[in-house]
Number of protein chains: 2
Amino acid sequence: MKDPKFDLLAIGNAIVDVLAQTDEAFIEHQQKMNGMVKGSMTLIDEMRAVELYGQMPPGIESSGGSAGNTIAGFASFGGKGAYIGKVAQDQLGDVFRHDLKAQGVVFNTQPLAIGAPTARCLILVTPDGQRTMNTYLGAAVELSQIDIDEDLVSSAKITYMEGYLFDPPQAKEAFRVASELAHKAGRKVALSLSDPFCVNRHREDFQVFVENHVDILFANEHEAMSLYETSNFEETVDALKGVCEIIVITRSAQGSVIIAGDKIIEVPAEPVSKVVDTTGAGDQYAAGFLYGYTRGNSLDVCGRLASMAAAEVISHMGPRPNMKYADFLKRAAA
Amino acid sequence: MKDPKFDLLAIGNAIVDVLAQTDEAFIEHQQKMNGMVKGSMTLIDEMRAVELYGQMPPGIESSGGSAGNTIAGFASFGGKGAYIGKVAQDQLGDVFRHDLKAQGVVFNTQPLAIGAPTARCLILVTPDGQRTMNTYLGAAVELSQIDIDEDLVSSAKITYMEGYLFDPPQAKEAFRVASELAHKAGRKVALSLSDPFCVNRHREDFQVFVENHVDILFANEHEAMSLYETSNFEETVDALKGVCEIIVITRSAQGSVIIAGDKIIEVPAEPVSKVVDTTGAGDQYAAGFLYGYTRGNSLDVCGRLASMAAAEVISHMGPRPNMKYADFLKRAAA
């Protein structure tokens, strides 16, 4: 087996975030009128995206997308990363591309020349720091197996994919292809379940995929419960045990649990003085964990790095690092 | 004279900011190679904009432009505002338009249909909170006197313009037209000098304009010194005294000085626990001052509102309010 060129390849919906601070009343109104669910991700079409944007307060734009955020955080730790995802040939696509390349991530997926614009996610951040996401997938739905570069997959220690990719049908197929290529090359496959509603929408597909293709699984408590429709945390841990080599369940302020075979490791959450915006918390958790893992650290250290990155990203607006995560390394090993 | 429909009309270069955190070494290198000047604004062309963007760290995008920032802050206080500025018909133009409208500002300038893209300012923020700006004016240079809506100018208590508009030649002419229309309607004209290098580039034009058309002048210490080439603060105050009805000179942490006839009022700076990003400090100072002024407050109260808004905006990344400035009103009057 050749030495891997990349530590991590991330595949995801390439999205630019539009973040705005709103009050609870705005979310409640949208919930009543448009079925928005606080704290979750709702898929919206272009018309609805225009409508909601017109109703939203002023925003800031920031590159996002779950796997995009993870690979940016991973590179910030010092890891060698690559990304596959579909933007359009437009200004937001340029922004997305710039922000990954500037972080040192290799990103060469052909942009969509004609058709939908670059995907955007309208994110409403409430005073409690919770984010409610509304995603117009745009060009991202055009990601297909043609975009899965075999050499790239074969040359990465781990191929990491976001569960959100189960929404666009072509991407789901690309997903399967990528995991087969990775395993053929003797590499590992990691998956984040992304969102409990996304798991609901594709539960059986997720179960089959997790059981047959995934080595490292990331899920928050709600997503994990949704996968096998369990009703409490203990039941969920029992249901997931042994399904993959490593299963990580995050529990917000209650920290996280790493399940590896019969071993269960509890990782405390890193303290945060003020939660400003939880966007990217799970993504940066995965970044920290996978960085630790690809560098051969113990699962405890992986968990600590993960918690530190998650704590950093929720202390400011936006889903990507505001500092160099490489600075965490000494502290986590201490 | 009809009752004004708007408290403030702002005219400026319509720009989307790209903010990135960099170290001092990055600025020093750019200074040596490309003549970038720390803390100032440099005009760049499209090629240089592409080159510099390619070298910059990941950024966040945020609507900007000096007068755009001021009118956004003004509206955040609760003032009725309108804006004139030129964006292109592109994604960044949509962002700029959205962010003003979402703040309650009326903005109906016809976008540029063909030609240059929406202007952007590549802003490098160093660990000391200083911002160094690199502006590609793009569509903004196409602002001309056709865009100066006479009804709008006549129906605003004050027409406020940024000195940066002296750079695009057509805009300079639009500027003169706007101030004549304002005075014809019995309204007032306010000007911000924007940048000492911009004053250098157009010193005589600025002098003529200030002496003949401006009622309220905003300048920081360096810009004020540049206008009449004075060499210390006392000399500058003497040179400016009586040139306009009101002259405001800002001095960063040393507060500001308001000159009205023979009266000189010193306003202390509002304390800030940590200066994160000085982008927008002068713009929000003007917003606070003009809000107080249009509501008939004493110059002391105008100065306090100004200092509070400036202190808020330098405590976070980005040039526009992160909170409702209306909350300052009670504190300033106390």
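Predicted model: local features only at pLDDT ≥ 70, side-chain atom pairs only at ≥ 80, totals over all residues.
Before the first helix pair, one definition: axes are lines fitted to C-alpha atoms, for helices over the stretch in contact, and angles run from 0 to 180 degrees between N-to-C directions.

Take chain B. Helix α11, residues 281-294, and helix α12, residues 299-313, pack with an angle of about 150° between them, and their axes are 7 Å apart. Angles over 145 degrees count as roughly antiparallel, so α11(B) is roughly antiparallel to α12(B). The crossing of this pair is right-handed.

Which residues make that contact? From α11(B) they are B:A281, B:Q284, B:Y285, B:A287, B:G288, B:F289, B:Y291, B:G292 and B:Y293. From α12(B) they are B:V301, B:C302, B:G303, B:L305, B:A306, B:M308, B:A309, B:A310, B:E312 and B:V313. By class, this contact of α11(B) with α12(B) comes to 14 nonpolar residues, four polar and one charged.

Helix α11(B) has another helix packed against it, namely α3(B), residues 66-77. Here the angle is about 45° and the axes lie 8 Å apart. That angle makes α3(B) oblique to α11(B). This crossing, too, is listed with its hand: α3(B) and α11(B) cross in the right-handed sense.

On the α3(B) side the contact residues are B:S66, B:N69, B:T70, B:G73, B:F74 and B:F77. On the α11(B) side they are B:D283, B:Q284, B:A286, B:A287, B:G288, B:L290 and B:Y291. The contact of α3(B) with α11(B) holds six nonpolar residues, six polar and one charged. Among the α11(B) residues, B:Q284 is in the contact with α3(B), and B:Q284 is also in the contact with α12(B).

Now the sheet of chain B. In what order do its strands run? The order is β6-β5-β1-β9-β10-β11-β12-β13-β14, nine strands in an open sheet with mixed pairing. At the edges stand β6(B), residues 106-107, and β14(B), residues 263-267; each has a single partner strand, so one side of each is left without a neighbour in the sheet.

The partner at the β14 end is β13(B), residues 256-260, which runs antiparallel to β14(B) and is joined to β14(B) by five bridges. One residue pair from there: B:I258 has B:I265 of β14(B) as its bridge partner.

Over to chain A. Helix α11(A), residues 281-294, packs with helix α12(A), residues 299-313, at about 150°, with 7 Å between the axes. That makes α11(A) roughly antiparallel to α12(A), and the crossing is right-handed. The contacts include A:Q284, A:Y285 and A:F289 in α11(A), and A:L305, A:M308 and A:E312 in α12(A). Their contact has 14 nonpolar, four polar and one charged residues.

Chain A also has an open sheet of nine strands, ordered β6-β5-β1-β9-β10-β11-β12-β13-β14, and its pairing is mixed. Its edge strands are β6(A), 106-107, and β14(A), 263-267, each pairing on one side only. Inside the order, β10(A), residues 188-192, pairs with β11(A), residues 216-220, in the parallel sense over three bridges. A:A190 stands opposite A:I216 in β11(A).

Last, the two chains together. How is chain A laid on chain B? A turn of 180° and a shift of 0.0 Å along the axis do it, with an RMSD of 0.0 Å. The two copies are thus related as by a two-fold rotation axis. Of the residues of chain A, A:E61 comes closest to that axis, with its C-alpha at 2.4 Å. The same surface serves both copies, as 100% of the contact residues of chain A recur in chain B.

The contact takes 20 residues from chain A and 20 residues from chain B. On the chain A side, β4 (60-63) and α4 (91-102) each supply at least two residues. Helix α4(A) gives the most to that side, with six residues. By class, the side of chain A that touches chain B has nine nonpolar, seven polar and four charged residues.

Terms used:
Residues numbered from 1 in each chain as written. Chains lettered and ligands numbered in written order. Helix = DSSP H or I, 4+ residues; strand = E, 2+ residues; numbered from the N terminus. Parallel < 35°, antiparallel > 145°, perpendicular 65-115°, else oblique. Left-handed = near helix turned anticlockwise from the far one by under 90°. Contact = placed C-beta atoms within 7 Å. Nonpolar A, V, L, I, M, F, W, Y, C, P; charged D, E, K, R; others polar. Least-squares fit on C-alpha atoms with pLDDT ≥ 70 in both. Pairing = 2+ DSSP bridges.
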